Amino acid sequence: MPNPDGDLILRYPVAERLAHWTIAITFIFLFTSGLAMFHPFFFWLSSLFGGGQFMRFIHPIAGVVLVIFFYPYAAREWRNNRWLPVDSEWVRKMFAYMRKEELGLDTHRYNGGQKLMFWSMVPIIAVLFLTGVVTWQPWFAPTFTASLRRIAGLIHATAAFIMFVGIGIHWYAAYWTKGSIRAMVRGTVTRAWARFHYPAWYREVTGKDQS
Amino acid sequence: MDVTRRSFVKFSAALGAGTLTGLGFSAKRALAEVRTFKLERTSETRNTCPYCSVGCGIIMYGMGDRAKNAHTQIIHIEGDPDHPVNRGTLCPKGASLVDFIHSPDRSIYPEWRKPGSDSFERVSWDFALDRIARLMKDDRDRNFIAKNGKGLTVNRWTTFGMLAASASSNETGYVTHKVFRALGGVCFDNQARV
Amino acid sequence: MTNNWVDIKNANLVMVMGGNPAEAHPCGFKWVIEAKVKNKAKLVVVDPRFTRTAAVADLYAPIRAGTDIAFLGGVINYLLQHDAIQREYVVAYTNAPFIVREDFAFAEGLFSGYKEQIHAYDKTRWAYELDTDGYAKIDVTLSHPRCVFQLMKKHYERYTPETVSDLTGTPRDLFLQICAAIASTAPAARTMTSLYALGWTQHSVGSQNIRAMAMIQLLLGNIGMPGGGVNALRGHSNIQGLTDLGLLSHQLPGYLTMPLEGDPDLASYLGTRTPKPLRPGQLNYWQNYPKFFVSLQKAWYGAAASKENDWAYDYLPKLDKVYDVLAVFELMSQGKLEGYICQGFNPLGSFPDKNKISKGLAKLKYLVSIDPLKTETSVFWQNHGEFNDVDSASIATEVFRLPSTCFAEEDGSLVNSGRWLQWHWKGAEPPGEAKGDAEIIGELFVRLRALYRKEGGAFPDPILNLAWPYRVARAPAPDELAKEYNGWALADVPDPKQPGAFLAREGEQLPGFAPLQADGSTACGCWIFAGSWTQAGNQMARRDPSDPSGLGATLNWAWSWPANRRILYNRASADPSGKPWDPDRRYLTWNGKKWVGSDIPDYKVDAAPDEGMSPFIMNAEGVARLWAPAMVDGPFPEHYEPFETPLDSNPLHPKVISNPAARVYPGDRERFGTAREFPYVATTYRLTEHFHFWTKHTRIGAVLQPEAFVEISESLAAKKGIRNGDKVVVSSKRGQIVVKAMVTKRIATLKVAGQEIETVGIPLHWGFVGVTKPSYLINTLTPFVGDANIQTPEFKAFLVNIVKA
Amino acid sequence: MANQSLDVVRQSAGMATPPSARKTMVVGKLIDVSRCIGCKACQAACMEWNDLRDQVGSNRGAYTNPPDLDDQSWCLMRFNEVEIGGRLQWLILKDGCLHCSNPGCLDACPAPGAIVQYSNGIVDFHEENCIGCGYCITGCPFNIPRLRRADSRVYKCTLCSDRVAVGLEPACIKTCPTQALCFGSKEDMLELAHHRLGDLRERGFAQAAIYDPPGVDGTHVFFVLPHGDRPEAYGLPKDPRVSPVVQVWRSPVARGFGVVTMFSVLVAGILHYMRHGPLEVPEDKKPEEKKEP
């Protein structure tokens, strides 16, 4: 296990990583099957699920799995995602940040974008789950009126769209910020990486200042 | 080319599909095949609905073309369009005649209940018919009234009765009546009485 | 039916009372709808329930079950008071002008000639007054005080709209609307057709119900007219056929009647059945009775029936009384029957007072059930819990259940209500070891004959000499039997009109009943079916549906008895001079030499109008009977309460409440409930999804109507605290059933004689064997009493009580 | 009126437009409620022709058996007793798919080829392509399709597309004893309906009307209602149309836009990456104590 004084610092412990990747894979399951049902253009994806029937069968189950894994994980991490002034500043300078101009913000464990991601995922997944249950044939849908199921269908699609956009950004950001995928896979980051991206977090973890 | 927003969206989507299809992910073409017509090679027989007295004409569709090895089973019945009364229509009973022909309650072999028993047992036709004939003859010989109290020849057998089926054919009715009267029977009726 | 199904489309007014054709005969009812479309016809429905027929009716009126004659009597009174009759028709074609003997009277509910101790009338007291040469006296001005017309007027004066409404519970204005609608068909150009069924027949006054409508139709001149007639919508597919073939205790094929103890020999038998005409020049077709009877005996006994032995007259049993089903089951319950065969019949379900039937069957030595299905009767000895609570061990009856074929598995012909004999063809083999009915009867007969040949026994002659010319003795084939009842010539039959010509050559199938002879030269199993299988082949198998006149006379479709006539008494569709009453419906006209038109004339083809032969060729009077002296309970229909009446007395004549001439067995009189114990009127009936106790064995039928229920009005439900779908106990003096309740607006609460009368409607289709939910047989409730004339049980009006289960 | 073949004009989740050069007869099924005697012959014939055998239920105090449409009962007679103008009316409705010209079920269905609309107007479910999601039930303005639990497929009246394809009329129409059901080209049936309206108005049904709801661009199964002013008394929706929510939810434009936007995020990422390159930790300007690896 890398020690704080060594060259690598532990960013994500194994439990967190496992949770993250479980959610990630479930998300991919959900989204490929969801997309297949969303637009005929993607219906061929159903052949990845052994046909439309099994895909429709597995999609809601995957939704439940997602909720089961996501909310405990979110509950654990919600303190690090509390909104700080630095995050507001980050958001203001987001485009500059994207142009790699404003890179020195004293962000804590997560920067503004990641917190935005967190605070958008929490409600979106809840909405997706609830509207999913309302349209879940044949167990739950019959108990709801047709008009409720119609609205739930629309909201479900819209929420899924927003989530996919969010996750799309999450994917790109992870890929763009070199080292972050490695961090979520291996759990460690280089000292320089930590100090560069999350100075406040670096200090908290290593007890040293920006030396 | 008048590019409306809608066609642009379709175009770009199709473009995407084209590339993917190129990669061998061609979506299965949903064939628009029609439900197959189930009476394609059935054999037709004209008949009359046995239920009510409108006497609707029906066409019975039997599986198979009456080949020797095909045990024809009536799979569908519908109205006879030529029949002047029902003109091809049937009521709910007539429309479900196949369920009478294939009813689980069809009696399919002779059964016999011994006095005092609480269940039937299967018997052969010969056993049943011989025994019934025997019972009838003994009953008739014992109870036949040749002359009444006033010495008038009456030749009647009053201890035996029969109810004839108002849904059986004229031919059955005729031969039933002929035999029943030959036995001197008087307790005789059919559904016309109720 | 006097007319036929398709002819209903010609009606201007369709009167449905005592029947529910939309439910019991849906495909026949198509022609009522066609009448509404083609001639803007009105549909009037009078029924205790708002049935599915009423759902498409223009005018519906509720009525208390059992008061049809009060209603119809009121209509007759209305027609007479408003002179809404077709006078020329009534004078020429009915016995209105006939004069009745002086001492006829009707007082306090009884006609003259009533003998209290035997509950019967001396019908000779209702005869016409005859002149010196034996013809009935008539007064064509209809003014003679004792002419039938005046007697009818006096008899029905009591049926004022107020009295009718008070008795039937039908609101007065609705009753008058219906009377006006009926009266509108008095003119020649408008006709009313009456469609009725068991709603009228299943009463203690059943026959008189139909008589009342026949009188109305005669007053309006609607009999014999296209779109007219009194049309019985028969029940089973071949109930008409078996009635025609005489499978009734007192009948022989072709409506010949069984010898009675009063007919010691052939001469007296034929004497009382070969009437002399009551008016000069009438065809009086029953004068040919001997020809029909001798031909029947030749068909049955062949050579053994000869002139010497009075055509085997003594081979036939002679009746000492009527052995109808009620009489037979009364004998059975007294243990006087040993054997019984139920061929395609389920008496445990379809006869009244099921407990009495069950006890009767238990006293039999042997019972044979021949049926395509497993019926309740075949397992009457088996305990089915509350639905058939019997102790098998104590029932000593030996029971045989023989599987028979169904319609799809046999060739043969059926006669529908319209008297059409239609041939049908076998489409599949029977299941398992099932055999055809004719084959089973043949097998039984061949064995009996063998036993009698070997051992002799009581009076074996009719058995040994029964003509059995069939190719396969134990399995008479349908075509052979059909040819037999059509009849053939045993010897050449010379044509009286043209010497040297022949009506039929030896061995030929007869072309009709005209060639029948009383000298034994012809054999014919059923004279009215003569013409169904002629030398030209099987007329019943004809399939040409063309209807040239457009009036529904499809003469080349199958074959209709008698002589392929499609409307009976169709001579009456033309006035006495031979001109059709209604030019738009030219059915039959006299073209100077003979009668022509779109149907076979029900008349002597070459009898010119001025010869004065009247259209009703079967009656000795030659005309139709408004006055019917042959009825056992009165020449005119009179309102009598059902035997279980909700009222304490009969408002018309308190001293005589129910039908005085009906036969009631002592044991059964005690089993009649009173209004105090059982305050609600009950009536049983069919639904369109089921056919009696038969279609409960079909899955689709069971899906459409799965479980037994009774229908009650909202007010009765409120009074008894019953909610829709609750289980209720419906009880009568004879037993009780537990079923679901359906609370409906379709049963009205009626105001009768100052009281509120509630009706409980009871569909009858369920039982403890079948695919539907197991249930009680509802005839556990019905009274064991029948119609005075024909003993049809009174299923339609009795008393029950109902409480929440 | 032989229909050579049934051409598909629209199918669910269809990408390409099906071949539609041929113009075949457009069918119409008239249900004249004023002639209907509620005998359920159509219900029996439908079950018998399609080899469906529903469960034997129990009596719930009504003539309507089974209580609702379901996967084994594609046609159902509904009975209700109503007092109208002081006169008892027994309103009997033949419930089942109305084969809309603009079917909500087809729009809602995500599975290609599961729902097809033929050129003669019939809307048919091809259960082999159905994925069992039940969106069609949500899309249908008349609440007709029913999901079968045993096989997760949705079923409804097919207007006997198999019979019509070989030139026969549907089973329920052939068997209707009182000609309440009639079949033919839609304009013939509309003409017949207008003719029946005249007769009904003469008999005092001033409000008689044809129920051919424009909300779904008219239906190929339409009614003559004696009480045309109150279709809800019969159990028919007052002014049915494909719900706007469904139209938005399943509109090809919205979904097309959604797909494009979603993937444009990734595309934008790629472009951004090409332009700005990865965000890497800069080389340390101040040397840091190097630790031998």
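Q: How many residues of chain B are in contact with chain C, and with how many residues of chain C?
A: The model is predicted. Contact here takes C-beta atoms within 7 Å. By that test the two sides hold 105 residues of chain B and 136 residues of chain C.

Q: Which helix gives the most to the side of chain B that touches chain C?
A: The side in question belongs to chain B and faces 136 residues of chain C. One helix of chain B, spanning residues 125-143, supplies 13 residues to it. That top contributor is helix α4 of chain B.

Q: How do the residues on the side of chain B that touches chain C divide into nonpolar, polar and charged?
A: Charged residues number 21 on this side of chain B. Polar residues number 34. The nonpolar residues number 50.

Q: What pattern does chain A follow, read along the sequence?
A: Chain A has 9 helices and 2 strands. Its C-alpha trace spans about 65 × 35 × 30 Å along the principal axes. In sequence order, the pattern is β-α-α-α-α-α-α-α-β-α-α.

Q: Are α2(A) and α5(A) roughly parallel or roughly antiparallel to each other?
A: Helix α2 of chain A covers residues 52-77, and helix α5 of chain A covers residues 112-134. Their axes come within 10 Å and cross at roughly 150 degrees. Angles over 145 degrees count as roughly antiparallel. So α2(A) and α5(A) are roughly antiparallel.

Q: Which residues of α5(A) meet α2(A), and how do the residues of the contact divide?
A: From α2(A) come A:P60, A:G63, A:L66, A:V67, A:F70 and A:A74. They meet A:V122, A:I125, A:L128, A:F129 and A:G132 in α5(A). The residues of this contact divide into 9 nonpolar, 2 polar and no charged.

Q: Is the crossing of α2(A) and α5(A) left-handed or right-handed?
A: The two axes cross at roughly 150 degrees. The sense of that crossing is left-handed.

Q: Which residues touch the most other members of the largest nonpolar core?
A: This core has 255 residues. Another core, of 165 residues, lies apart from it, with C:V415, C:I440, C:Y680 and C:I762 among its members. In the largest core, the residues touching the most other members are C:V14, C:V148, C:I216 and D:C109.

Q: Which residues does C:I216 touch, not counting those up to four places away in sequence?
A: C:I216 is one of the residues that touch the most other members of the largest nonpolar core. Beyond its sequence neighbours, C:I216 touches C:L72, C:V75, C:I76, C:L79 and C:I182.

Conventions. Residues are numbered from 1 along each chain as its sequence is written. Chains are lettered from A and ligands numbered from 1 in the order in which they are written. This is a predicted model: local features need pLDDT of at least 70, side-chain atom pairs count only at pLDDT 80 or more; totals for chains, interfaces and linings use all residues. A nonpolar core is a set of buried Ala, Val, Leu, Ile, Met, Phe, Trp, Tyr and Cys residues joined through C-beta atoms within 7 Å. A residue is buried if 20 or more other C-beta atoms lie within 10 Å of its own, exposed if 12 or fewer, and partly exposed in between; C-beta atoms are placed from the backbone. Axes are lines fitted to C-alpha atoms, for helices over the stretch in contact, and angles run from 0 to 180 degrees between N-to-C directions. Helices (H or I, at least four residues) and strands (E, at least two) are DSSP runs, numbered from the N terminus. Angles under 35 degrees count as roughly parallel, over 145 as roughly antiparallel, 65 to 115 as roughly perpendicular and the rest as oblique. A crossing is left-handed if the near helix is turned anticlockwise from the far one by less than a right angle, and right-handed if clockwise. Ala, Val, Leu, Ile, Met, Phe, Trp, Tyr, Cys and Pro count as nonpolar, Asp, Glu, Lys and Arg as charged, and the others, Gly among them, as polar.
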